[in-house]
Amino acid sequence: MKINAFADVSLRALLVLSSAPAGELLTTQNIADTVGTPYHHVSKAIVRLRELGLIDVERGRKGGSRLSAAGRQATVGQILRELNTRLDPAECQSAHGDCPLITECGLRHALARAREAFYRELDDVVVSSLPRLRQMAPAFQAIGLRPGL
């Protein structure tokens, strides 16, 4: 199962925010630098994560983002259901026309069940439990922060 790039960037941003020092606000640029992703992509992810209530954002010169209480409890499965927006697991429907076999297609339904099984497997994985000190320390040091793990 492959997740889309937007879901990937969003999950990486959540990993960074969940391992930031307690009370520390991280700017979108900090997060982009930490995950090695362009600012523009991360800023879109931050907007969506805020809409979902997974992060809190403070505006202004000393503003930034931090994980919300809901974000600390969010699971990977829950987040992917929201962010992995591709509804059709195969190329059954496209701008170039639908597959001629789409009516009553057993494969399409089997792939949809497999996708849901993938998400269910990740429903027990809480995002904030994933970051490790050895993983985050170099990235945080590069942007001048100490990880709070």
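**Close-up views of a predicted model**

**View 1. The side chain of N4 and the backbone of A7.** A polar atom of the N4 side chain lies 2.6 Å from the backbone nitrogen of A7, in a model that is predicted throughout these views. N4 itself is placed in the segment before helix 1, which covers residues 5–19. Leaving aside residues up to four places away in sequence, N4 touches L83, N84 and T85.

View 2. The UniProt record, an unreviewed entry, places the feature "signal peptide" at residues 1–22.

**View 3. Helix 1 against helix 3.** The axes of helix 1 and helix 3 come within 9 Å and cross at roughly 75°, and helix 1 is therefore roughly perpendicular to helix 3. On the side of helix 1, the residues that take part are F6, V9, S10, A13, L14 and L17, and these meet H41, V42, K44, A45, I46, R48 and L49 in helix 3. Sorted by class, this contact of helix 1 with helix 3 has 9 nonpolar, 2 polar and 2 charged residues.

**View 4. Helix 2 against helix 3.** Helix 2, formed by residues 28–35, packs with helix 3, formed by residues 39–51, at an angle of about 120°, and their axes are 9 Å apart. The two helices, helix 2 and helix 3, are therefore oblique to each other, and helix 2 passes helix 3 in a right-handed crossing. From helix 2, the residues T28, Q29, I31, A32 and V35 meet Y39, V42, S43 and I46 of helix 3. The contact of helix 2 with helix 3 has 6 nonpolar and 3 polar residues, with no charged residues.

**View 5. Helix 5 against helix 6.** Which residues bring helix 5 and helix 6 together? V76, G77, L80 and R81 in helix 5 meet E116, F118, Y119, R120 and L122 in helix 6, and the residues of this contact divide into 5 nonpolar, 1 polar and 3 charged. The axes of helix 5, residues 76–83, and helix 6, residues 106–122, come within 6 Å and cross at roughly 140°, and helix 5 and helix 6 are therefore oblique to each other.

Notes. Residues are numbered from 1 along each chain as its sequence is written. This is a predicted model: local features need pLDDT of at least 70, side-chain atom pairs count only at pLDDT 80 or more; totals for chains, interfaces and linings use all residues. Side-chain values use heavy atoms; hydrogens and water are left out. Axes are lines fitted to C-alpha atoms, for helices over the stretch in contact, and angles run from 0 to 180 degrees between N-to-C directions. Helices (H or I, at least four residues) and strands (E, at least two) are DSSP runs, numbered from the N terminus. Angles under 35 degrees count as roughly parallel, over 145 as roughly antiparallel, 65 to 115 as roughly perpendicular and the rest as oblique. A crossing is left-handed if the near helix is turned anticlockwise from the far one by less than a right angle, and right-handed if clockwise. Contact means heavy atoms within 4.5 Å. Ala, Val, Leu, Ile, Met, Phe, Trp, Tyr, Cys and Pro count as nonpolar, Asp, Glu, Lys and Arg as charged, and the others, Gly among them, as polar. A polar contact is a pair of N or O atoms within 3.5 Å; within protein, one must be able to donate a hydrogen and the other to accept it, and residues adjacent in sequence count only if both atoms are side-chain atoms. UniProt positions are given in the numbering used here, feature names are shortened, and annotations may be inferred rather than shown by experiment.
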